[in-house]
Amino acid sequence: MVAAPRSRRTGVRDTTGAWTDANYSGQRANWSGDDGWWESYIADEDSSWANHGISGPGIKDHVKVYSGAHQGGHMTICLAPGQEVGYDGAANDNGDSHTWAMSC
Ligand SMILES: [Ca+2]
Ligand SMILES: [Ca+2]
């Protein structure tokens, strides 16, 4: 297993990471909140993901990735708190937006 790089914890809500290649390699995207329109280098190029959010009661600590902009299309992958996914064939190269949620 290749460990995903840890982000620096700077706020109440921490970061979601996505990479263009499997196992947290290639170009990296890092978001501190929701993003309804991923940058072109990561949109439909995402192949690995990490949820580095802070977990706790009442905190939206799950990350839902969607196939379309503005959380449209369908959910391609959902990351539990702290979850890192080095590759997922069903979600591969399809993400266009994401949002934090209370659960998957
Ligand atoms: Ca890719
Ligand atoms: Ca897509």
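Modeller: Let's look at strand 4 (residues 62–68) and strand 5 (residues 72–79), which pair in the antiparallel sense over 5 bridges. Keep in mind that this is a predicted model. The two strands make a hairpin with 3 residues between them. In that turn, His70 has a positive phi of about 55°. Gln71, in the loop between strand 4 and strand 5, has a positive phi too, near 55°, and is a residue other than glycine. That's worth a second glance, as most residues other than glycine have a negative phi. Gln71 is partly exposed, because 18 other C-beta atoms lie within 10 Å and a buried residue would need 20 or more.

Now go along the strands themselves. Val65 stands opposite Ile77 in strand 5, and both turn up again in the largest nonpolar core. That core has 15 residues, and Ala18, Trp49, Val65, Ile77 and Leu79 touch the most other members. Strand 1 (15–21), strand 3 (48–52), strand 4 and strand 5 each supply at least two residues of this core, with strand 4 giving the most, 3 residues. As a general point, nonpolar side chains tend to be buried together in soluble globular proteins.

Leaving aside neighbours within four places in sequence, Ile77 is in contact with Trp49, Val65, Val85, Asp88 and Ala91. So the cross-strand partner Val65 is also on the contact list of Ile77, where contact means C-beta atoms within 7 Å.

Definitions and conventions:
Residues numbered from 1 in each chain as written. Chains lettered and ligands numbered in written order. Predicted model: local features only at pLDDT ≥ 70, side-chain atom pairs only at ≥ 80, totals over all residues. Pairing = 2+ DSSP bridges. Helix = DSSP H or I, 4+ residues; strand = E, 2+ residues; numbered from the N terminus. Core = buried A, V, L, I, M, F, W, Y, C linked by C-beta atoms within 7 Å. Buried ≥ 20, exposed ≤ 12 C-beta atoms within 10 Å, placed from the backbone. Contact = placed C-beta atoms within 7 Å.
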